[in-house]
Amino acid sequence: QSRCGFSACNYLSLVSTAEPADILKILDFASFPEGIEKTTGMCEPRRSSKGADVAYKVRKEAQLSAPTKQIYPKSPFPENFSILTTLRAKKGRGSFLLSIYNEQGIQQLGVEIGRSPIFLYEDQTGKPSAENYPVFNGINLADGKWHRIAISVHKKTVTLILDCKKKSTKALERSKRPVVDTNGIFVFGTRILDEDVFEVRAVGGWREGGGGVGLNHQMQGRH
C-alpha cells in the first residue's frame, strides 16, 4: 500500500464487477497524444520507486474520446459504480473530468470539477432533470491542490469522498432500473468551449457496486 491513499499511486480507471477499465490505457496516454504532457504527480519519491509519481497534464487542445463499449465491451454499463481519481484542477476554474454520451449525442453522465462539484446523470427516462443534478456544496476541488476523489453511485444516492476524509451524500433521483447507453462515446480531458487545464495522476476509476475505492489506472480531464 502506498502513502497516496489508494491501492496504487499511479493509475486511474473505471471499475465494475467485470474487468477494471483502464481509462488512460484505452485513450493511449502513454503515447502522449496532442494536448497531453507528462508532469510530476501528487506523491513524492519513495525508496521503493525510481522517482516521483507520473501524472498527465491535459491542455485545451486535447481531444480524448473513445467508444463507450471499450469500457464495457461485454456487459452493460453498471447501475452501481464508483469513479476514483487523483487530480489537480486549475485554481478558481470549473472544468469537466469526463462525460458519457449516448448514440444520439445526449450527455448521460458527467463529473464537473469546481468549487461545488456537480454529478451529471440522465438515465433512459430523462431522470433526474438538470435542476436535480447532485451538487456538492462546500467542497472545493478547484483550489490548485492535488485531491483524491471517490464518487460512489449506489441505488438512488451518490457519495463524494474527498481525500479519504470528507464525505458528502446526495440524492440521485433516477429510475428504478436506470440504463446508460454504451453505444455512444465517452469524452475525457476537454470539452468544446472549455479552456481550463488540470492534471491527473494515473490513479482512479469506476467500480461497480458503489462504495468501493479500488482503482485501476488513469484518467483526467474535463469535458
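Student: Which are Phe 29 and Tyr 56, buried or exposed?

Tutor: Phe 29 is buried, and Tyr 56 is too. Buried means under 20% relative accessible area, exposed over 50%, and partly exposed in between (1.4 Å probe, protein chains only). Keep in mind that this is a predicted model: local features need pLDDT of at least 70, side-chain atom pairs count only at pLDDT 80 or more, and totals for chains, interfaces and linings use all residues. Residues are numbered from 1 along each chain as its sequence is written, and side-chain values use heavy atoms, with hydrogens and water left out.

Student: How many aromatic pairs does a search of the whole structure find?

Tutor: The search finds six. One of them joins Phe 29 and Tyr 56.

Student: What makes Phe 29 and Tyr 56 an aromatic pair, and of which kind?

Tutor: Rings of Phe, Tyr and Trp (its six-membered ring) pair if their centres lie within 6.5 Å; planes under 30 degrees apart are stacked, over 60 edge-to-face, the rest tilted. Here the centres are 5.1 Å apart and the planes stand at 80 degrees, which is edge-to-face. Phe 29 sits in the loop between α1 and β3, and Tyr 56 in strand β4 (residues 54-58), so the pair ties together parts 27 residues apart in sequence. Helices (H or I, at least four residues) and strands (E, at least two) are DSSP runs, numbered from the N terminus.

Student: Why are Tyr 72 and Phe 77 called a pair, and of which kind?

Tutor: Their ring centres are 5.4 Å apart and their planes are at 80 degrees, so this pair is edge-to-face. Both Tyr 72 and Phe 77 are buried.

Student: Which residues do ring pairs link into a cluster?

Tutor: Phe 29, Phe 32, Tyr 56 and Phe 188.

Student: What is Phe 32, buried, exposed or partly exposed?

Tutor: Its relative accessible area is 36%, so Phe 32 is partly exposed. Phe 32 lies in the loop between α1 (23-26) and β3 (36-40). Its phi is near 50 degrees, a positive value in a residue other than glycine.

Student: How does Cys 164 count by its relative accessibility?

Tutor: The value is 48%, so Cys 164 is partly exposed. Cys 164 belongs to the loop between β11 (157-162) and β12 (166-171). Its phi is positive, about 65 degrees, although Cys 164 is not a glycine.

Student: How does Arg 148 count by its relative accessibility?

Tutor: At 15%, Arg 148 counts as buried. Arg 148 is placed in strand β10.

Student: In what order do the five strands of the open sheet stand?

Tutor: The order is β5-β13-β7-β8-β9, with antiparallel pairing. β5 (64-67) and β9 are the edges: each has a single partner strand, so one side of each lacks a neighbour in the sheet. The twist averages 10 degrees from one strand to the next.

Student: How do you know how β7 and strand β8 (residues 107-113) pair?

Tutor: Two strands pair if DSSP finds at least two bridges between them. β7 and β8 have six, in the antiparallel sense. Tyr 101 has Gln 107 in β8 as its bridge partner. Their hairpin has five residues between the strands, and Gly 105 there takes a positive phi near 85 degrees.

Student: How many bridges does β7 have with β13?

Tutor: Four, again antiparallel. Ile 100 stands opposite Phe 186 in β13. β13 (residues 185-188) is also joined to β5 by four bridges. There Leu 64 faces Phe 188.

Student: What makes strand β7 (residues 95-101) largely enclosed?

Tutor: Seven of its seven residues are buried, so the rest of the structure largely encloses β7.

Student: How do you know what confidence the chain averages?

Tutor: pLDDT is the predictor's confidence in each residue, from 0 to 100. The chain averages 76, and 71% of the residues score at least 70. Over residues 192-196 pLDDT stays under 50, with eleven contacts beyond four places in sequence. Over residues 210-223 pLDDT is also below 50, yet the model has 107 contacts for this stretch beyond near neighbours in sequence. Contact means heavy atoms within 4.5 Å.

Notes:
Axes fitted to C-alpha atoms, helices over the stretch in contact; angles between N-to-C directions.
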